[in-house]
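Q: I would like a close look at the charged side-chain pairs of this model, with the cut-offs spelled out.

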Amino acid sequence: MITAISLVVVPLLAGFSFLFIDKYLAKFRKLFILGTGLITLLLSINLLIQVSNHPLIYNLGNWKEGIGISLIIDPLGGILAVLIAFISFIIIAYSLSYIKNHQLKYYTLLFLLIAGMLGMVLTGDLFNLYVFFEITSIISYVLVAFNKEDISFEASFKYMIIGSISGILILLAIILIYQSTGTLNLAQLVIAARNIPIQLKKVIAVLILIGFGAKFAVVPLHTWLPDAHSTAPSPISALLSGVVIKVFLYALLRVLFILFRIEELLALDFNNLFVYSGVITLFTGHLLAYRQDKLKRLLAYSSIAQIGYILIGVGLFNAAGLEGAIYHVINHAVVKGVLFMTAGIFILKSKKKNIADLKGIAYQLPLSSFIFTISALNIVGLPPFNSFISKWLLLHAALKADFIIPASSILIGSLISLSYYLRIITLLYSKVKEELTSIKVPYQLQLAPLLLSLFYLPLALFPNFLLLLIKKAPLFLLKTINYYNILLGGEEWIGLFG
Amino acid sequence: MQFIYLVVIILFCLGLYTILMNTNLIKIIIGINIMDSSLVLLLVALSYKPAGTAPIIDKPYSVIVDPIPQALALTAIVIGASITALMLLLTIKLHRNYNTLDISEIRRLRG
Amino acid sequence: MRRIYILALILILASLLFFTFYDLLHPTEFETDKTQISDYYIEHGVKETGAINLVTAILFDYRAFDTLGEATVIFIAVSAISLLATKERVLVSNTNFSPIVYQGISFIIPFLYILAFYLIFYGHLSPGGGFTGGVVIATTFVLLKMTFGIRYSREEKSLQRRSLIESCGAIGFIIVGILGIVRGDSFLANGQAGFDLGVAGQLLSAGIIPILNLFTGIKVGSGLAIIFHRLVREE
C-alpha cells in the first residue's frame, strides 16, 4: 500500500532536498541522484507486481473515497509507472555525463517532473490529475528553455502559450464535470457520469479532446512539438518524446472512458474521429519528417507520427487495439529515448545540428552509430525488432475492425519512415576524407543508450511476457465498471465481452 | 441564466479573442490571464447559494456556500500566477534577444 | 479575413458555453444528489478536522495533496526563474524618495509581519491561510527593495539563504505528511493519525493544519520574494 504514495513522494522529496545535498553533501551528489532514480524504479516495479493482479486504492489522509483524494492504481497505471521510472532512470544516468552546467536546477526540475508524471498516472482524483498535469507541463516548458538560446526561449514560449490555453480548457472541463456530478473521484465518476446530459457531455469531450490533444500533439495542434523537442537538451528531448506525451494521452483516455461508455463513444463516432485523426497525424508527421534537415527535428516529427500509430490503436476502442497501442507506447518510449540520446552524442561530437554535417561520423563513433542504426531500423518496424511486433498488433487489430485505410496507412507510413531513416544511416556510414572534429565524447555517455538498447532483445524475443501484463489493462480502461469496483474492494472483474 | 454567467462567457471569449488577434507578447499573456480569471469567477459563481454564508462555521448557519470550488479556485489562481511569472520572464528574454515584442517578427522557428 | 474566422470561432465558442451553462444551471432530468460531498464537508468538516474555516479544512486536510502540488508549482516557478534569469548585475533604479516614504515604509513593515503571521496562524479560524500570509510576507520584501534599492554585494547570498528557507518549507510539508505514515496511518493524515484536533475555534486546534499553513506560508513568502528579485534584476 505504502509503495503507491512513496512513488510520488520520493522524487518530490528528492527534488525539494536536492539544494541541501548540493550545498552540504556535494560528495554524495551523484550517489543521491542515481539512488533516487533507482529507488523510484524499484518502487514502481514493486507496485506493478502488486497491482498486476489486484488493483489497489490508497486513500490519502485515510478519508473515505470521494471525500479526500485517493490514488487508484490499475494495471495500466502500474505499467506506465514502471515505464516512466525506467526511462527516467536511464535519462538520469545519461544526464550525469551530459549536463555540465546548472546541474542544481536541472536535477531539481527533473525529479519534480518524474513526480508529476507518476502523480498523473497514479492519481484517482480528477482535480489532482489537473494539478499534476500542470506540474508536468510547467516543468516541460522550463526544461525546453534550459539551453538559454534564442530559439529555445522562443520554442518554450510557443509551447507555453498553447499549453496554458489547453490547461484552461481542461480546467473548464473539470469544473463542468464537478458541477454536474458533484464528485471529483475518478472511480465514483464512472457511475456519476451517467447522469450528465449528453449535450453537456459532448461539450466536455470537445474541451478535453482539444486540451489534452494539444499536449500530445495530435495534428492540427502539433506545431509546438518539433520546436520544443528539438531545442531542448537531448536527455530532456528523450524524456519529453518518450514518456511525457504518452502520459498526457493516458490522461485523456482515462477521463474519456470514464465519462463515456464504449457504446456511447461508438454512437458518437468517436472511433472514426480517433482513427482518422491518427491517420492524419501519422502522415503529417512522416511527410514533414522526410523534409527535415536537422536531426533532432526529424526525430521530433517522427514522434508525432508514432503518436498517430498509437491513436489508431486506441481509436478502435477494443482490447486488441489497446494492447497494440500500449505495446507501441512502450516500444516507442524505449527506442525514441535511445535515438535522442545518440543524437545528443552526435551533436556533442560534431557541434552541428544538421544531418548533412554528420557525414561519416560512424567512423569516429562506431558504437553510438551502431546503436542509432539499430534503433532507426527498429522504429521503422522492420521484422526482427520489437516495434515490428507492436505495429503488427496494431495492423492486425485495425484489419479485424474493418479499418482498411488506417491499416494500409500503417504500412505506407513505415515505408516513408524507412526512406528517411535510411538517408541518415547511409550518411552516417559514408566515407569522408578528413576528421570531423577532435572533440572527445566521454565514454560513459554511451553507456545509457547502450543499456537501454539492450532492452530491445527481451522486448522482441519475449513479447508474450509483457503482453500478458498488457492484456489486463483494457479490462479496467474500457470496462470502467471494473474501475469502479476497485472502490468496493471487489476481486471479480467483468470480462470485456462478458 | 444569471447575469454572472454571461460575464464569465464574455470574459472567456474576450481572453481568447485577445490571444488570437494580438501579436504583442504582453497582450497575449494578458489574454491568457483573462481566460484564467474567468474560470476563477466561474468557480466562485458556481459555489454561490442564495443567502448563503461564507464557509466558516463559527456558529450554526442554515445555508452555507459550497466550499470545494473555492478551494479549487485557490489552486487555479496559484497555478495561473506561476505560469504568468514564467511567461513574463520569457518575454523579457525574448525582448532582450530580438528587441521587439511582436510575435510575427520573433518567429524564426517554422514548419 | 483572419479576423472574420477568429470572430466566427469566438461566436461559436460563446454560444457553446452559453448553452452549456444553461444546461448546467437548469437541470431537467438529472436532479441528482450532486451536492452530496459539499454537504458532507459542511456537516462533518468541523468535527473531523477541527478547523472552522472549511476552505482551509479542504485545502490542508481533505485535499492536502492538491496543496502539496500547488506548493510544488510555486517551487518550480522559483527554480525556473532562478535558472533562466540572468545572474549579472543590472541597474534597477536609483530614485530617491522623500523621507516620508522611507520613514513610512520602515514604520509599516512590522505591522505587515504581524498581519502575515496572523493570517497564517489563524488560517483555520478565519479567512486567510498559508498562501495569503506568504504573499503578505513577500510584499514586505518587495516594499523594502523598492524603497531602499538593491545592494548587489549581499544580494546573491541572501537569495541563496532564501531558497534554502523555501526548500525547508517544502520539505517540512512532506515530513508532516510522512508523520502520518509513521504514526500508522496514511500520508497527510490528520485526525485519523491521532494528532490532537483540540477544540474547534481555538487557536491551537485542528492538528496538523496550522503547521502545514506555517510551512506553506514560509515557502510561498520566500518563493515569491525570490521571483521578485530575479525578475527585477532583468532590466
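Are C:D66 and C:R63 buried or exposed?

A: Both C:D66 and C:R63 are buried, where buried means under 20% relative accessible area, exposed over 50% and partly exposed in between, with a 1.4 Å probe and protein chains only. This is a predicted model, in which local features need pLDDT of at least 70 and side-chain atom pairs count only at pLDDT 80 or more, whereas totals for chains, interfaces and linings use all residues. Residues are numbered from 1 along each chain as its sequence is written, chains are lettered from A in the order in which they are written, and side-chain values use heavy atoms, with hydrogens and water left out.

C:D66 and C:R63 form a salt bridge whose closest N and O atoms are 3.1 Å apart, the term standing for a side-chain nitrogen of Lys or Arg within 4 Å of a carboxyl oxygen of Asp or Glu. These two residues also belong, together with A:D125, to a network of salt bridges.

Over all chains the structure holds eleven salt bridges, and among them is the one between A:E264 and A:K201, with closest N and O atoms 3.2 Å apart. A:E264 lies in helix α11 (residues 262-267) and A:K201 in helix α8 (residues 198-215) of chain A, so this pair ties together parts that are 63 residues apart in sequence; helices are DSSP runs of H or I, at least four residues, numbered from the N terminus. Both A:E264 and A:K201 are buried.

A:K471 and A:E323 form another salt bridge, at 3.4 Å between the closest N and O atoms. Here A:K471 counts as partly exposed, at 46% relative accessibility, while A:E323 is buried, at 13%.

Notes:
Helix = DSSP H or I, 4+ residues; strand = E, 2+ residues; numbered from the N terminus.
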